[in-house]
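Visitor: I am new to this structure and would like to learn how to read its features one at a time. Could you take me through it slowly?

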Amino acid sequence: MRTFDPASFAPPLHVPVLEAGPVLLRPFETSDLALVRLAAVDPVIPSITSVPRGYDDDEGRAFIERQFRRGAEGDGYSFVIAERSEPDVGIGSIGLWLEEIESGRASIGYWVVKSARGHGFAGCALRGVVDFAFGELAIPRLQLFIEPWNVASTKTAITAGFTREALLRDFERIDGQQHDAECYALLYQDWVPQA
């Protein structure tokens, strides 16, 4: 059993390559502009993530550079989700964010492009990040913040073992308006590693 040590998260962080069922989680590469382009024109992804709305190559490169900096500056681990059969073609992203790591907690956020939805890829990616966060980093608490209307994301969280804890009123700002979010959590002591 590993011991949690907040000091072990000093930058720079090494973003590993993780295998999680049919998906591969890997660091962003400059060649992931096509993924950012698909996400940027999605009707929902830019509203609830840091993906730029609309698309041009400069904004796409800036988004990818931000993902590099997150690891370099110790803010967290930013992964591209890809099918293991096509590791160079991104279908989504998942991040493990460390803003509250001194308090023993980290948050996870994820998205997949429209063509990849409904295939269980987000769930596999989430379970992979959970196994990494608990098995390698021993973080005591993981949490997700999900918009109440996002039924697919809620199902993904529950399938990965997360439990709804609270409705956070006016918790996040989306498209210039305050919106509620539901908090889901999973504790290290309740974690069941994937076989």
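Guide: Let us begin with a single residue and what surrounds it. Leaving aside neighbours within four places in sequence, Gly104 is in contact, meaning heavy atoms within 4.5 Å, with Phe4, Ile139, Pro140 and Arg141. Please keep in mind that this is a predicted model, in which local features need pLDDT of at least 70 and side-chain atom pairs count only at pLDDT 80 or more, while totals for chains, interfaces and linings use all residues. Residues are numbered from 1 along each chain as its sequence is written, and side-chain values use heavy atoms, with hydrogens and water left out.

Visitor: Where is Gly104 placed, and is Gly104 buried or exposed?

Guide: Gly104 lies in the loop between β4 (90-97) and β5 (105-112), where strands (E, at least two residues) and helices (H or I, at least four) are DSSP runs numbered from the N terminus. A residue is called buried under 20% relative accessible area, exposed over 50% and partly exposed in between, using a 1.4 Å probe and protein chains only. Gly104 has a relative accessible area of 6%, and therefore counts as buried.

Visitor: How should I read a nonpolar core, and which residues have the most contacts inside the largest one?

Guide: In soluble globular proteins, nonpolar side chains tend to be buried together. A nonpolar core is a set of buried Ala, Val, Leu, Ile, Met, Phe, Trp, Tyr and Cys residues joined through side-chain atoms within 4.5 Å. Here the largest such core has 56 residues, and those with the most contacts inside it are Tyr77, Ile94, Leu96, Ile108, Ile139, Leu142 and Phe162. Its largest share, 10 residues, comes from helix α4 (residues 121-135). Apart from neighbours within four places in sequence, Phe162 is in contact with residues including Ile108, Leu126, Val130, Leu142 and Tyr184.

Visitor: At what angle do α4 and α5 pack?

Guide: Two packed helices are described by the angle between their axes and the distance between the axes. The axes are lines fitted to C-alpha atoms over the stretch in contact, and angles run from 0 to 180 degrees between N-to-C directions. For α4 and helix α5 (residues 151-159) the angle is about 40 degrees, with the axes 9 Å apart. That makes α4 oblique to α5, because angles under 35 degrees count as roughly parallel, over 145 as roughly antiparallel, 65 to 115 as roughly perpendicular and the rest as oblique. On the α4 side the contact is made by Ala122, Gly123, Leu126 and Arg127, and on the α5 side by Thr156, Ala157 and Thr159.

Visitor: What does Thr156 touch?

Guide: Not counting residues up to four places away in sequence, Thr156 touches Tyr110, Ala122, Gly123 and Leu126. Thr156 is buried, with a relative accessible area of 15%.
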